[in-house]
Amino acid sequence: MDAPRRSALLLVVAVLLGGCAPGSGPGSAPPDPARESPSTVPSGTASSGTASSGAAAAGAATDGDPPAGGTAPTAPADGPAPSRPPDLDDPASLAVVVNKRRPLSPPDWAPPVLEDVEGHRLRPEAAAAARGMLAAARADGVRIRIVSGYRSWAEQSQTYAGWVAQKGAGAADAVSARPGHSEHQTGLAVDIGEGGGCDLQVCFAGTSAATWVAEHGPEHGFVVRYPWGEEATTGYWYEPWHLRYLGPGRAQEFVRSGAATLEEFSGLGPAPDYGTPAPR
């Protein structure tokens, strides 16, 4: 075989063998560091350090490149991010977020149905869960009771006015919500206690009831709404007695997410004061 024909044949063989060499095929590129980062796990999902291959196969949004042969999933240009529920503004939703920048709309909204739980009213879903939580805590030998549940716009007006009369408006805003801004008005918030001197006091954090609900509350759908050191986000000082009902699934998702506050978990900004209302 002459030299030109031999050179051409060797070139063809080299090309054919090159596509089968380990690490050089089209599907064997090194993993994209962005896709492997825990920051790409959707909000509210437990992170194990890498995004789930099952989630990627199902089209879950990530910050990396789209899967081979597919297209990158995108949120609507004028809609919420995929991890943000669409009902954060709906007072009838279990996901609603109410704070100093996010008043109820309308401000005097009231749940259509309330149920009694040991002398206090809650929405039916929260009431059933509270009964189960109280029973479970007592079965574990924990002394626990409800101190406060639903408060209407008028009742919250009186509560807030009482704090203003005692401490002045500035101090009142650190411990009590203005009417229309209170979680108690949703029927999804409950204050708990032991019946002792630490009820509605920071020292309640050292009680067995506080320890129990911090650990087991999410199993029943309740989370501590105003945690220690997060007043710059929530707008309120530490309240280990104030629980918010989210539903068992969402409450446990909140815990797994590692978020410190409901604002962070919901993809919302801080609400330290009654400044400019957050856009709806």
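The structure is a predicted model in which local features need pLDDT of at least 70 and side-chain atom pairs count only at pLDDT 80 or more, while totals for chains, interfaces and linings use all residues. Residues are numbered from 1 along each chain as its sequence is written, and side-chain values use heavy atoms, with hydrogens and water left out.

## Confidence

The predictor's confidence in each residue, pLDDT, runs from 0 to 100; its mean for the protein chain is 77, and 69% of residues reach 70 or more. Over residues 2-83 pLDDT stays under 50, and the model has 52 contacts (heavy atoms within 4.5 Å) beyond four places in sequence for them.

## Fold and helix α5

The protein chain contains 10 helices and 6 strands, taken as DSSP runs (helices H or I, at least four residues; strands E, at least two) numbered from the N terminus. Of its contacts between residues at least 6 apart in sequence, 65% join residues at least 24 apart.

Helix α5 has 15 residues and reaches 21 Å from its first C-alpha to its last, close to the 21 Å expected at 1.5 Å a residue, the expected span being 1.5 Å times one less than the number of residues.
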